Number of protein chains: 2
Amino acid sequence: MNLNCTTLAKEELEALRVKLQAEYDKFADMKLDLNMARGKPAPELLDRNTALLTDMDKWCAADGTDCRNYGVLEGLPEMRSFFGDALGIDPERIIIGGNASLTLMYDAMARLMMFGTSKSSAWAKEGKLKFLCPSPGYDRHFAITEEFGFEMITIEMNSDGPDMDTVEKLVASDPAIKGIWCVPLYSNPQGICYSDEVVARLGKMKTAAPDFRIFWDNAYGVHHLYGKTKLADIFAACEAGGNPDRAYYFFSTSKITFPGGGVSMMAASADERAFILKHMGIQTIGHDKLNQLRTLRFLKDAKGLEAQMERLAVELRPKFEIVANTLERELAGSGLATWTAPKGGYFVALDTMDNCAKETLRLAKAAGVTMTGAGATFPGKCDPRDRNIRIAPTYPDCKELQLAMDLFCVCVKLAGVKKLLGEI
Amino acid sequence: MNLNCTTLAKEELEALRVKLQAEYDKFADMKLDLNMARGKPAPELLDRNTALLTDMDKWCAADGTDCRNYGVLEGLPEMRSFFGDALGIDPERIIIGGNASLTLMYDAMARLMMFGTSKSSAWAKEGKLKFLCPSPGYDRHFAITEEFGFEMITIEMNSDGPDMDTVEKLVASDPAIKGIWCVPLYSNPQGICYSDEVVARLGKMKTAAPDFRIFWDNAYGVHHLYGKTKLADIFAACEAGGNPDRAYYFFSTSKITFPGGGVSMMAASADERAFILKHMGIQTIGHDKLNQLRTLRFLKDAKGLEAQMERLAVELRPKFEIVANTLERELAGSGLATWTAPKGGYFVALDTMDNCAKETLRLAKAAGVTMTGAGATFPGKCDPRDRNIRIAPTYPDCKELQLAMDLFCVCVKLAGVKKLLGEI
């Protein structure tokens, strides 16, 4: 257990500061150049998937479709079945996209703005709209709602998902609130998993907007590190609540096979799916079926996917443990930070004392370690308490990661002591 | 030379009709099931490209980028250089897309509607807009402008491109006219090539809309069948005319490698490109770089592309010759049809007598040959004279194609005779 810095006298803090500064300077002298800014898999993780690139001497789908040629807008039947099995979704709900679920989300939002839903018209004609943004969250989600001019309303995260009391109150009274961003399993960046109760409440809550949409980005739906965490069925929850069209479900293999060459999917109610396909059919004749085939040949089926995820977990667990152990060793009991201990996903979130995140990351960067920018996890890139930091341990190798975490902890402490000394 | 049917007496026409009906019935008895509806390459054409699927044991770009991972929004530098060399475009203008240039076009139009251009704001806020549609043209182009609510103005095609006198007159006076669809080389479906003069006039014409856009879909830019046809540089023409931002250039390898797994590109002025990338960067982290690499490994460079196109031409020329020879043999001098003789591209266009296209295609379908629907080549799928038919000879094998063309000519004649007899 570390010294609780918040109880130290001024002289003690100043002595500590000198010690920390010396430690920091030693790191600075190492001229590090490490980047932990984004959730990229390491090259070694990708090396495991190279069979994807060479093992492809057939090009026909199970029904005989020549995947080299045009067509099959909604994606290969076997690809839809694969995702359906893996995620517990009826394949009839599923549409396969290109290499990025982010594009499916952007395009879904663009369609809502320009054409509305199967039962309502263009959102863009309704004046100023709002979107709920559970935060800390994923910066690229918030960038989409910012792009389309939404007022973004920050919702606090509890340990079992967004603060549903606030969500329910807001959506019940304000018809301008059109939707909510959700990363329901191992949320980015905290690694929080939505409880069954939260999922049920999202499905049944009364919304003033009749065409309220849940953007259900289950990006880490199979990224278990320490055993499976179950996630309740959002479609069942919406149907039980009498809101069958409410959820748009997104997923991809980007962080399963290759981020640059994955296969994405979205799922929706029958009515919404038909509406989406009608517009998507003007936008494309069909997505890359060869990559669907290639991905299927590699992952095979839900069981093959499970085996693949366990292989990835073997690589990722040591990295998450370096993060957890270093934070514990350096910061537990210090009063300077709290952090999450995710059981899966891609990130760990740390909160410094208020107003210390920017200074912490400035110090880290000055010593050669780039991390996700302070504020990035909040709408408009503005963290009202300037305290949340996203740690992305997947890209560096273990040695680099340990070094980066050691430095990072010194930075958290140095910024914290400065704050306690009244300098921040 | 055939009998000129338009000069026949009623009794002669009736005798001819009996003879044609007997010929038609013989085809009908064959229970054919041939589809010439879309411009799909034949499986044998795709077989030539299978090295694309297996020859891929490296995954790093020339600058060391790991193409398996995230990033490189604008596409690999070597892919941009490849397209630049092949098409005579500065690579700095180029953005690489996903597997379909159609998607780049749809997304470009969606951006114009929602965000405008680098120098103007959202088109959707300007009220009812119009778009010029040289016709006959490509149905999927017209579907995009229909999707976004444009009034589509049909422009007649001359032998060297759209009727520029009309185009210039319209765009000069009406600020609601925001752009024009162009397939400048071997146009779909007529195979018309734009002359240097037409390109120059498109670049310099005065438009009442300050943000007028040319959607320059050079889909068949390298699909020469009988020697190269040169196309003037649309960017140079726009710059010479003082309209540097006017052209959006589109191209893809879909009909060069695999329609289902090609690489698309768009090009624009520096200002427009920066504006497009700003929005595209919210929509995706990057398109499929592995497929860019795969495509490059296969096509190598501009010279490799030329060799590939000659290999394809060897397969396609006999098919185009079957179409040309059969039309000549069966219809020349009959007064029942005129048609084009493209030197490249993917289609042949035929005009029946007025009001005979639907009946011709109905007859063909009833006897087992499906062709592109009548009217499909005009905005709103409505051919005002009901006479234009798109012949797509690339998919069937030569034996099937000959059979289909023989039947088709009987249908053209039968419909024509019916018309001359006053039944249509």
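Reply: F251(A) stands opposite M265(A), a residue of strand β9(A). The model is predicted, so local features need pLDDT of at least 70 and side-chain atom pairs count only at pLDDT 80 or more, while totals for chains, interfaces and linings use all residues. Residues are numbered from 1 along each chain as its sequence is written, and chains are lettered from A and ligands numbered from 1 in the order in which they are written.

Strand β8 (residues 247-252) of chain A and strand β9 (residues 264-267) of chain A run antiparallel and are joined by four bridges. Two strands count as paired if DSSP finds at least two bridges between them. Strands and helices are DSSP runs numbered from the N terminus, a strand (E) having at least two residues and a helix (H or I) at least four. In general, strands of a sheet pair through backbone hydrogen bonds, either parallel or antiparallel.

Both strands belong to an open sheet of eight strands in chain A, whose order is β2-β9-β8-β7-β6-β3-β4-β5 and whose pairing is mixed. At its edges are β2 (94-96) and β5 (161-162) of chain A, each of which pairs on one side only.

The domains of chain A come next. Domain 1 of chain A covers 5-45 + 306-420, and domain 2 covers 58-300; such bounds come from an automatic or database domain assignment. Taken over C-alpha atoms, the centres of these two domains of chain A are 31 Å apart. In chain A, 24 residues of domain 1 are in contact with 25 residues of domain 2, where contact means that the C-beta atoms, placed from the backbone, lie within 7 Å. On the side of domain 1 of chain A that touches domain 2, α12(A) gives the most, with six residues. That side divides into 13 nonpolar, seven polar and four charged residues. Here Ala, Val, Leu, Ile, Met, Phe, Trp, Tyr, Cys and Pro count as nonpolar, Asp, Glu, Lys and Arg as charged, and the others, Gly among them, as polar.

Helix α12 (residues 302-331) of chain A also meets helix α14 (residues 398-420) of chain A: their axes come within 10 Å and cross at roughly 30°. This angle makes α12(A) roughly parallel to α14(A). Axes are lines fitted to C-alpha atoms, for helices over the stretch in contact, and angles run from 0 to 180 degrees between N-to-C directions. Angles under 35 degrees count as roughly parallel, over 145 as roughly antiparallel, 65 to 115 as roughly perpendicular and the rest as oblique.

Finally, one backbone detail of chain A deserves mention. V72(A) has a positive phi of about 60° although it is not a glycine, and V72(A) lies in the loop between α3 and α4 (77-87) of chain A.

Terms used
Two residues are in contact if their C-beta atoms, placed from the backbone, lie within 7 Å.
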